[in-house]
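Please consult the sequence and the structure shown here.

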Amino acid sequence: MENGDIPEDANEHCPGPQSESAGKSDSCQGCPNQQSCATGPKGPDPDMVAIAERMATVKHKILVMSGKGGVGKSTFSAQLAFALAARDFQVGLLDIDICGPSIPKMLGLEGKGLSESNFGLSPIYVEYNLAVMSFGFMLRDPDTPVTYRGSHKTKRIKQFLKDVYWDELDILIVDTPPGTSDEQITVVQSLGAANVDGAIIVTTPQQVSLTDVSKGVNFCKRVGVKVLGVVENMSGLSQPISNLKFIKITDNGEMEDVTEWTLEYMREKAPEMLNFIACSEVFDSSGGGAITMCNEMEVPFLGKVPLDPQLCKAAEEGRSCFTDKNCVSSAPALQNIIDKMMETSGLSMTVSNEV
């Protein structure tokens, strides 16, 4: 337990030997270290001191969270980073999803490895003002499963927070894994002295997602992290009619591709229709979706992002959805959400004045 680190053989959800509840909490029952933690000296965790010093050059810290996986949280984090960098802010993106780090692919950085300088671990730069750090850079083989226990995850997260040299940043975006457990607790506790601005919560419209995501909102309230707002992702399929594939069911029950015939018919009979956007509900939002949840939980609703195949393609290719005109539905929606987030949180004024 040197330097207050969590022991390797500790129980899950260990509060840490320096915590006031060390050896006394429910999660300590049966732990081989319970007695030594309960009677050991308490004091400042040196890791927390190092993290606070490292974060002193980062003006604003934003967590991107969700109580549920598969809601597009990393896609949102990546595009948020691209958008803020395009506005000339100095941006850092930290991916602490240890078991499923997807940020390297979404930023076009697959295959990159960690490098180190005299100042610490060096992030990888996508642009001169967009730096990225991910646990994925530590994996020699991306197909190898990560089988860390809770205490090892805690150590790795602290390592990233205290050892990465970001230099001067306007905004650090922290892409967290799904859930409200060890990783999230570690990040919140570690950044507690570094003045986190708040968290953006990402969900999809259906109730099965909202039920889990509401736990993420309550987690933020419980640990004192401001909820900057909720984003409803995959809010209906939306794409230009000209990008659709049209199928006809034959008398034999087979599917026949009639896309070319349909588009040609539109060009001849109703060419203006080719400029329309086709929208369709994918998930059941009859319960009111994220808007209703936000009203009930009294947190801001930032907006909806449609399920846009072009946005999915941009994420797969590791590029910004804002650099071309293909993401006709998702890019404007994301820009509006970012504008609202910066306005309601006060970041638009504080950052622009400090740049």
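Q: Which residues point one way from β2, and which the other way?
A: In this predicted model, local features need pLDDT of at least 70, side-chain atom pairs count only at pLDDT 80 or more, and totals for chains, interfaces and linings use all residues. Residues are numbered from 1 along each chain as its sequence is written, and side-chain values use heavy atoms, with hydrogens and water left out. Strands (E, at least two residues) and helices (H or I, at least four) are DSSP runs numbered from the N terminus. From β2, one way is taken by V91, L93 and D95, and the other way by G92 and L94.

Q: How many of the residues of strand β2 are buried?
A: Buried means under 20% relative accessible area, exposed means over 50%, and partly exposed lies in between, with a 1.4 Å probe and protein chains only. Strand β2 covers residues 91–95 and is largely enclosed by the rest of the structure, because the number of its residues that are buried is five of the five.

Q: What is the order of the strands in the open sheet, and which strands stand at its edges?
A: The open sheet has eight strands with mixed pairing, in the order β5-β6-β2-β7-β1-β8-β9-β14. Each edge strand has a single partner strand, so one side of each is left without a neighbour in the sheet. Neighbouring strands are turned by 20° against each other on average, direction ignored, where axes are lines fitted to C-alpha atoms (for helices over the stretch in contact) and angles run from 0 to 180 degrees between N-to-C directions. The edges are held by β5 (124–127) and β14 (301–304).

Q: Which residue in β6 stands opposite E127?
A: β5 and β6 (residues 130–134) run antiparallel and are joined by three bridges. Opposite E127 stands L130.

Q: At about what angle does helix α11 run to β14?
A: Helix α11 (residues 330–345) lies across β1 (58–65), β8 (198–203), β9 (227–232) and β14. Its angle to β14 is about 175°.

Q: How many disulfides does the structure hold, and how far from C294 is the nearest cysteine sulfur?
A: With a disulfide taken as a pair of cysteine sulfur atoms within 2.5 Å, the structure holds zero. C99 is in no disulfide, the nearest cysteine sulfur being that of C14 at 18 Å, and C99 counts as partly exposed at 47% relative accessibility. C294 counts as buried at 2% relative accessibility. The nearest cysteine sulfur to C294 is that of C220, at a distance of 12 Å.

Q: With which residues is C220 in contact, leaving aside its neighbours within four places in sequence?
A: C220 lies in helix α7 (residues 207–223) and counts as buried at 0% relative accessibility. Contact means heavy atoms within 4.5 Å. Leaving aside neighbours within four places in sequence, the contacts of C220 are M65, A199, I201, V225 and V227.

Q: Is P178 buried, exposed or partly exposed?
A: P178 is placed in the loop between β7 and α6 (182–190). Leaving aside neighbours within four places in sequence, P178 is in contact with S66, K68, G69, K73, D97 and Q184. With a relative accessible area of 39%, P178 is partly exposed.

Q: What is the phi of E298?
A: E298 lies in the loop between α9 (289–297) and β14 and is exposed, with a relative accessible area of 72%. Another residue other than glycine with a positive phi is D167, near 65°, in the loop between α5 (150–163) and β7 (169–175). E298 is not a glycine, and its phi has a positive value of about 60°.

Notes:
Two strands pair if DSSP finds at least two bridges between them.
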